[in-house]
Structure formats: C-alpha cells, structure tokens
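Subject: A structure for you to look at

Hi there,

Here is the structure I promised to hand over. Have a look at it first, and then read on.

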Amino acid sequence: MAKVEVEVKDFTMPADRPFTIFGKVEFEEIFSFKYPSAKSFSPRRGPTAGGTVLTILGNNLDVGSSLEVKVSDTVACTVESKTSTQLLCKVGNLAGPKVDTKTVTLSLVIDNENVKIPDPTFMFVSNPVIKNIFPSRSILRGGIPITVKGDYLYASERPLMTGIYNNKNLIAQSVCTLPDGSQTEMICPSMDVSKEIKDADSQIDLIILYDGSSIFIPSDLRSFQYKADPGFSKFQGVMQFVVNEQMIVFSGYHILNALGQHYSVSIGNKSCNHIEVDENHLKCQPSLEGVNVGDGKRYDVVVGNFFYSISNFVFL
C-alpha cells in the first residue's frame, strides 16, 4: 500500500498563457496493489457453435482497466459480468473445418499480464445430431422421461429441452442428463406445461438447447403431443383389499395418456411387483411380504410429475 501524490509542472509560458503552472496534491486515500488470481473455471466443454457461459473463480478479478479472455488464439470469450471473485464470459463459435473434438487453452489477461489458470484446458465438441426421440407424448404436468438418441450429445454439460406452442416459446424447460459414460443417449424429463397449455390434446414443436443454441431436430421428430393428466375415481370411506387377491384395481380416466412403464405404484414403503394399465383401469400386484390382516397402508400412484394418494387403505 502507498499514498498517492500528484505533481503538475509547466514552465513553458506560451503567448496565450503568461504564467507558469506548478502544484502538488496528496490524497488521503491509500492506494493498494492487488494481484488477480484464478482458481478454477467451469464448464469444461461446449459445442462448436459457441454460446457456452464460462464461470471463472478467483480473487481480485475486477482490478485493472483492461480485461481479455480467450479459449484459443482465434476464439474470444466475451465478458458478461465480473466481481472480485467471479467472472462470467460467453464463448464464441469455433470456425473452420468440422471437428469431432478440439482441446484448446483458456487464457486470461488483465492489464496485459497473463493470469495463470490451473488446468486451463477447454474442449469443443461437434454440434449434436438428433436421430431419435421417444416417446413423443406426455401428460400436461410433465416429468415423463424422454429418451433422445444421436451423436455428440455430450457437447454441453447442461442441455435443455423446451418447445414452441402457438408460435410462442414456452417458458417451461427441463434439464437433460446423460447416463454415465454415454455420448449418444440422454434423458430429458418432459416439461410441466400445465400453466401454459390448457387444451387437453395439444401439439408443440420441440426445441433442444445446447448452451443457448437451438439444435436442429428433423421435422419427423420435432412434433410432440401433450395429453390430459390421468385421474382416478375417489373412494368413499375405507378401501379394502383381501390379501389373497391377485391384483388391486383402480378405476380412472386418461390412464393411457402415459405409458404403463412410466407408472410407479407403492403401498406403504413397498412397490407393486407388477402394474397393468388400460384406458380406465390401473392394476397393481402388491408385495404382501410382512403384511398382516388389518394393516392400514398409504397407496401412492406416481407418473411423471402427477401424484395421487389414498391414505385409508386396509388389508383384510
């Protein structure tokens, strides 16, 4: 730290200024030198189309009058915000011939001084290619696992699924995840559109976003249908089940608007061994291990984000 002193001298005395200038001022504020440092950054990969927002963590990142971030000699990372401990920048696109992957080096320069970044490698991955999406429908409340298959699906650490309805972008989004080690398959829960779509049978155009960039989806895969949520008839009093019966049957409606494999049924803390569905019925073969006559259990049906529960269920 040091005191700041400014001194001005000018003895030239030009014709239009018949006097000299001399003065000195000392500021009360103390000037301190701060050295910027970087600790880490994330994410570590992104699509060649760019758009990946990098978060760089460190100390004194907001000092200096000039700041430049690059992910290679030719690709800039445009600074969007900065504080003392965090810097956000958006990666540009990687021009040139198509590549499967390309590893580059992240650089940070403040006031013409290179700031060392531990493990500065960033990987560009070729833009994803979508080949299949299944199933192509969901209930309005969403949460149904949608399997997306293709190439280079790992290009982003946080792919998103959303859509267009009636020529407007949906607000609802869902985060897609890749099974461990997969590069060609990911799971995207269908969006909960119950606040944006009221029609029981509506069609949207799917959008998959990779770091803000919309990925091309073939027209035969783009159309996605939303159907009404299932419902179940209410029971009066206590629902009873004889322990030697094979299946518990629940009546309802719109049950086939979700696939049978997406239903989960539990009685107490145990799941049903087998589930069958048709348009108006859900059948469950309960696990009777440890069940005694007179036991009262809670019965839960879950499909996607839809939840239905019966608390007064008794075994006879």
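Below is what was found in it, grouped by topic.

First, some housekeeping. This is a predicted model, in which local features need pLDDT of at least 70 and side-chain atom pairs count only at pLDDT 80 or more, while totals for chains, interfaces and linings use all residues. Residues are numbered from 1 along each chain as its sequence is written, and side-chain values use heavy atoms, with hydrogens and water left out.

Three strands form an open sheet with mixed pairing, in the order β4-β12-β9. (Strands are DSSP runs of E with at least two residues, numbered from the N terminus; two strands pair if DSSP finds at least two bridges between them.) At the edges sit β4 (45-47) and β9 (101-105), each pairing on one side only. On average, neighbouring strands of this sheet are turned by 25° against each other, direction ignored. (The axes are lines fitted to C-alpha atoms, and angles run from 0 to 180 degrees between N-to-C directions.) β9 and β12 (residues 121-125) run antiparallel and are joined by five bridges; for Thr105, the bridge partner in β12 is Thr121.

**A nonpolar patch**

On the surface, Val6, Val8, Phe19, Ile21, Val25 and Phe27 form a nonpolar patch, with about 470 Å² of accessible area together. (Patch residues have over 30% relative accessible area and no salt bridge, and nonpolar side chains are joined within 5 Å; a salt bridge is a side-chain nitrogen of Lys or Arg within 4 Å of a carboxyl oxygen of Asp or Glu. Areas come from the Shrake-Rupley method with a 1.4 Å probe.) Two or more residues each come from β1 (2-10) and β2 (21-31), and β2 gives the most, with three. Phe19 lies in the loop between β1 and β2.

Is Phe19 buried, partly exposed or exposed? Phe19 counts as partly exposed because its relative accessibility is 44%, where buried means under 20%, exposed over 50% and partly exposed in between.

Asn167, in the loop between β16 (160-165) and β17 (168-169), is exposed, with a relative accessible area of 79%. Its C-alpha atom is separated by 9.2 Å from that of Asp205, 38 residues apart along the chain.

His262 sits in the loop between β25 (248-253) and β26 (263-267). At 13% relative accessible area, His262 is buried. Beyond its neighbours within four places in sequence, His262 is in contact (heavy atoms within 4.5 Å) with Pro135, Ile144, Pro145, Val302, Val303 and Gly304.

Enjoy exploring!

Conventions
Helix = DSSP H or I, 4+ residues; strand = E, 2+ residues; numbered from the N terminus. Buried < 20%, exposed > 50% of the residue type's maximum accessible area, 1.4 Å probe, protein only. Patch = residues over 30% accessible without salt bridge, like charges linked within 9 Å, V, L, I, M, F, W, Y side chains within 5 Å.
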